[in-house]
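Subject: Structure handover and notes

Dear colleague,

I am passing on the structure below, together with my notes on what was found in it. Please read them beside the coordinates.

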Amino acid sequence: MDARSAGARPPVESASPEQISDARPPGGRSRRPRPEWILAILASLLLAVALTWPTLRHPATTIPGDLGDPTLQAWQVAWSGHALLSDPLGLWHSNTFYPERYTYAYSDTLLGYAPIGMLGSGFEAAVIRYNVLYVLLHALAFLGAYALTRQLGANRWGGAVAGVAWAYAPWRLAHAGHLNILSSGGIALSLAMLARGHGWSLRHGYRPERRRPGWALAGWLTAAWQVSLGFGIGLPLVYFLLAAVLVAAGCYGWAWWRRRERPPFGRRLLLADLAGGAAFGAVTLLLGLVYLRVVDLNPQAQRTLDWTEMFSPPLMGFLTAPADSWVWGERHAAAREQLTWPPEMALLPGMTLLGLAAAGLFVSVFPPRRRVALGLGVLGTVLLGLGATLGGDGDPGYLTLSRHLPGWDALRTPGRLMHWTSLLLAVLAAGLVTALAESSGRPANRRRARIVTALVLLVPLALVTVEGVNRTPHPTVPRPPAALRTVPDPILVLPAGGVGDLTYMLWTTDGFPRVTNGLGGFEPASQAQTRAAIASFPDPGSVAYLRGIGVRSVVAVPDRAAGTPWEGIEARPVDGLGITREERDGALVYLL
C-alpha cells in the first residue's frame, strides 16, 4: 500500500493544485496554504520591478517606450479619475479635441484604471501613476498566468515558468508604449477564477464537488474589468467566453442525454453565472454603444480591412524578436528588416517557451486529448494571427472574422492574438515542467531528490526570465509651460498636429483646461479644418476662426515649432489684430 492509499498527505510538490486549494477539514475551513499566494504576489511584484527596470528609477520624469502613446495613456488614466470625481456624466466628453464630443472614446480608454486615476493630481502625478501601472500590469500578468496554470493542474514550478513566460514574452517588448496592449493580466486571471468556480481543471476535468460560485462571479467581474481597459484585446476575450459558454452548455447537455440524468451543477453557481454574465455583457454592450456613437459622429473612424492587411505579419514574424529584447534584439535585426512593420510583426513568444511547449505535447501531466486541444489552439491562433497573409488573402481566417463578427473589423492588428498563442504555449510548458517535477517520485532520500529537482527546474525558469530582460528606452517627459495653467480656456497649443499633440494632452493634466489639440485612433474633421485655418497664425483670418469656435487663448512653444508652419512665430506681428501677446517662461501667450 502506498502513502496515498494509506491516507498520508502527499508531498506538496506532488500534490495537484486542487488538492492544495480545495482540501477542507471537517469544519469546512480551507487548508490551502495561504503563504503560497502571499509569496506569489510578492514574487510577482519584485519580478515586475526587476524586469521593467529602470521604469521606477525616475518615475516622475521618465516614461517607458517613447513620447507617443504613453503620454496619451497617462492622460487617459488621469482624465478618467478626474472626470469620475468631478463630473461623471461628462466622462466621455474630455477636455481635448475641443469642441468635439465623445472624445475620450477616440481610442482604447483604459477606463478600468479610473480608480488609480483618482489618486493624486497634476502632471507629475500622471507620469508617476503611469509608471506604477506599467510595473503593476506586468505583475498582474504573471500572477494571472500562475493562478490559471495552477488551477488547470500544474504545480508551483509549472505555474512560475508559465507566469514568467507569458508576462515577459519577448513579443510584448514591442508594445512597451502600449499600456492597453500590455494590460492583459485580467484575461488569465478571469479564466482562472471561472475554472475554479466551476470546479474544472485541465488535468482532472469537471469535478462538481469543487464548485465555488463566488469564484465564478469574481471571474465574470474580472473579465468585465478587462474589457473596460479596451476592446483591442478585450473583444477576443468576449468571443472566447461566449464560445466557452456554448461549448460547456453543449457538453453538459450531451452528458445529460447520454447518462439519462442531469449532471450536478447547482442553483448557486447558476445564479452566479447569470449575475456575472449579465454584468459582463452590460459592460461590453455599454462600451460598444459609446464607440458606435463615435462612429456615427465621425464616419471616418470606421476602419477598413486595408489596415488589417497592412499589419498582417508573415510566418517568420512569429520567430522574430523586437529590438527591445536584450537577448534577441540585435541577433534578429536582419530578420526585422524583412518585416514591413516590426512593432506589430515581431511576435516571438520566446525560444525557451516554444521548446518547452513542443515537448509538453508529448510529456505532460495533462491528458493526451487535452494536450492535442491545446496544440490545435496554438495552431489556430497562429493561423488567425497571420491575418491577410494566410493563404494570400486571409480568407478563411482573420479577415473572415472581420467581415462577420460584430466589432472584429476594428481590430486592425492580427498579431495581437499572440496573447492567446503565448498563453496556450505557457499552459503546455507548465504541464511539461510539472511532469518533470513529479517524475522524481518519492525516494527514500526525499530531501536530496527535492534539491536535485529544484536545481533542474531552475533552468527553464531562468531561461524564460532571461528572455524577458528588456532594452526599452525611457525618455524624459517634457514639462508643461507654466502659462498653460493660468490662461483662460479653451486653448490652442502651437505647433499643432502630429504626435506633439499627445504631449499636450498630458500637459493638460494640470487642471484639465479645454484644448483644441488631440490625437487618437482617427482624426475628426474639425482637426484638419482648424490646422488649415491657423497655419498663418496670428493673422486676421486665423484669429477670426479661433474666436468663431470659442478659443480664448493660444499658447505657442517656439522651441517645438521648427519645421512646422509656426516656425518663427515669435517674429510675426500682432498689431491691428485686437489680441495681446506676452512671453511667459519661454512660451508665447496670445489672449484673443
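In helix 9 (residues 213–228), the buried residues are Pro213, Ala216, Gly219, Trp220, Thr222, Ala223, Ala224, Gln226, Val227 and Ser228, where buried means under 20% relative accessible area, with exposed over 50% and partly exposed in between, for a 1.4 Å probe and protein chains only. Helices are DSSP runs of H or I with at least four residues, and strands are runs of E with at least two, numbered from the N terminus. This is a predicted model, in which local features need pLDDT of at least 70 and side-chain atom pairs count only at pLDDT 80 or more, while totals for chains, interfaces and linings use all residues. Residues are numbered from 1 along each chain as its sequence is written, and side-chain values use heavy atoms, with hydrogens and water left out.

The cover over the buried residues of helix 9 includes helix 8 (185–197), helix 10 (231–259) and helix 11 (267–297), contact being heavy atoms within 4.5 Å. The axes of helix 9 and helix 11 come within 8 Å and cross at roughly 5°, the axes being lines fitted to C-alpha atoms over the stretch in contact, with angles from 0 to 180 degrees between N-to-C directions. Helix 9 is therefore roughly parallel to helix 11, a term that applies to angles under 35 degrees. Among the residues that meet across this pair are Trp220 and Val227 in helix 9, and Phe280 and Leu287 in helix 11. Just after helix 9, Gly230 takes a positive phi of about 150°.

The largest nonpolar core has 128 residues, of which Trp92, Tyr113, Leu179, Leu241 and Phe280 touch the most other members; such a core is a set of buried Ala, Val, Leu, Ile, Met, Phe, Trp, Tyr and Cys residues joined through side-chain atoms within 4.5 Å. Helix 5 (residues 123–152) supplies the largest share of this core, 17 residues. Apart from this core lies another, of 19 residues, including Val543 and Trp566.

Turning to the strands, four of the five residues of strand 6 (residues 587–591) are buried. Strand 6 runs antiparallel to strand 4 (residues 553–556), to which four bridges join it, and also antiparallel to strand 5 (residues 580–584), with five bridges; strands pair if DSSP finds at least two bridges between them. Ser553 has Leu591 as its bridge partner in strand 6, whereas Arg584 stands opposite Ala587. Strands 5 and 6 form a hairpin with two residues between them, and Asp585 in the turn has a positive phi of about 50°.

With best regards

Definitions and conventions:
Parallel < 35°, antiparallel > 145°, perpendicular 65-115°, else oblique.
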